[in-house]
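My entries follow in the order in which I made them.

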Amino acid sequence: MADFKNLLTEISREQLADPDVAADVRDFKIAVGWLGERGATEVEITLAEERLGTRLPPSYRAFLAESNGFDDIGPFIYRLYNAAEIDWFRVRNQDWIDAYQRGVDISPEEHLANPEDCVRFRTAYLSSCLQISVEGDSAVVLLNPEVINDDGEWETWFFANWNPGADRYPSFRAYVESELKKIKYLRDSKRP
């Protein structure tokens, strides 16, 4: 995970090159070219894990160690929380969960069958998810501890009420990489 710094630096560079994004960034962040914060200490990460009662997934821990919070990670997420701010989605947004948990849900097997299908996801998992971002453009980033791969990574969701469901990624790292692709795509689509 040593190259997380490079990935976050590239996102910072791309985002700060966009005048619309840069207009809302604090001057000192523009000066250093970094949208992140100082990395969390192992003690800060451990305190968050103790408060939440779980060990965080490896790539998210690596992110926190590199940048304990991050602004403008993508086009629709304005800030990723620091370790002290993360909390369960049910604590922050139970009403959002309630709105999605109507009718018949799909099974865990159906959820795993097609992770690229953002419409068909197991809504029961919303109550288990960890919210790691502020509400951006009516969107949040969630870590789903109900789906953990062999590397200990939790499924990561980009979840927006204007999206037909949840964009799902096999890890937090995969989510961040997809945000960089979105940023570049939007940048390229603005060019004449």
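**Entry: conventions.** I call a crossing left-handed if the near helix is turned anticlockwise from the far one by less than a right angle, and right-handed if clockwise. Helices (H or I, at least four residues) and strands (E, at least two) are DSSP runs, numbered from the N terminus. I note that this is a predicted model, in which local features need pLDDT of at least 70, side-chain atom pairs count only at pLDDT 80 or more, and totals for chains, interfaces and linings use all residues. Residues are numbered from 1 along each chain as its sequence is written, and side-chain values use heavy atoms, with hydrogens and water left out.

**Entry: helix 4 and helix 5.** I looked up the crossing of helix 4 with helix 5 and found it right-handed. The axes of helix 4 (residues 42-52) and helix 5 (residues 58-66) come within 9 Å and cross at roughly 135°. Helix 4 is therefore oblique to helix 5. Axes here are lines fitted to C-alpha atoms, for helices over the stretch in contact, and angles run from 0 to 180 degrees between N-to-C directions. Angles under 35 degrees count as roughly parallel, over 145 as roughly antiparallel, 65 to 115 as roughly perpendicular and the rest as oblique. From helix 4, Glu42, Ile45, Thr46 and Glu49 make the contact, and from helix 5, Arg61, Leu64 and Ala65; contact means heavy atoms within 4.5 Å. I sorted the residues of this contact by class and got three nonpolar, one polar and three charged. The classes are nonpolar (Ala, Val, Leu, Ile, Met, Phe, Trp, Tyr, Cys and Pro), charged (Asp, Glu, Lys and Arg) and polar (the others, Gly among them).

**Entry: arginine 61.** I then took arginine 61, which lies in helix 5. Arginine 61 is buried, at a relative accessible area of 10%. Buried means under 20% relative accessible area, exposed over 50%, partly exposed in between (1.4 Å probe, protein chains only). With neighbours within four places in sequence left aside, arginine 61 is in contact with Glu42, Ile45, Thr46, Glu49, Arg55 and Leu56.

**Entry: helix 1 and helix 8.** Helix 1 (residues 4-16) packs against helix 8 (residues 172-190) at an angle of about 25°, and their axes are 10 Å apart. Helix 1 passes helix 8 in a left-handed crossing. On the helix 1 side I listed Phe4, Leu7, Leu8, Glu10, Ile11, Glu14 and Gln15; they meet Phe172, Arg173, Val176, Glu177, Leu180, Ile183, Lys184 and Arg187 of helix 8. By class, this contact of helix 1 with helix 8 has eight nonpolar, one polar and six charged residues.

**Entry: aromatic pairs.** How many aromatic pairs does a search of the whole structure find? I got 19. Rings of Phe, Tyr and Trp (its six-membered ring) pair if their centres lie within 6.5 Å; planes under 30 degrees apart count as stacked, over 60 as edge-to-face and the rest as tilted. Tryptophan 96 and phenylalanine 159 form a tilted pair, 5.4 Å centre to centre with 45° between the planes. Tryptophan 96 is in helix 6 (residues 89-100) and phenylalanine 159 in strand 6 (residues 154-160), so the pair ties together parts 63 residues apart in sequence. Tryptophan 96 is buried at 10% relative accessible area, and phenylalanine 159 is buried at 0%.

Phenylalanine 159 also pairs with phenylalanine 121: the ring centres are 5.9 Å apart and the planes at 75°, so the pair is edge-to-face. Phenylalanine 121 lies in the loop between helix 7 (108-113) and strand 4 (130-131), so its pair with phenylalanine 159 in strand 6 ties together parts 38 residues apart in sequence. Phenylalanine 121 is buried, at 4%. I also noted one aromatic cluster formed by Phe4, Tyr60, Phe63, Tyr169, Phe172 and Tyr175.

**Entry: positive phi.** Aspartate 72 is not a glycine, yet has a positive phi of about 50°. Aspartate 72 sits in the loop between strand 1 (70-71) and strand 2 (79-80) and counts as buried at 15% relative accessibility. Serine 138, also not a glycine, has a positive phi of about 55°. I placed serine 138 in the loop between strand 4 and strand 5 (139-148); serine 138 is partly exposed, at 31%.

**Entry: glutamate 85.** Glutamate 85 lies in the loop between strand 2 and strand 3 (87-88) and is partly exposed, at 24% relative accessible area. Leaving aside neighbours within four places in sequence, I found glutamate 85 in contact with Arg51, Arg79 and Arg92.
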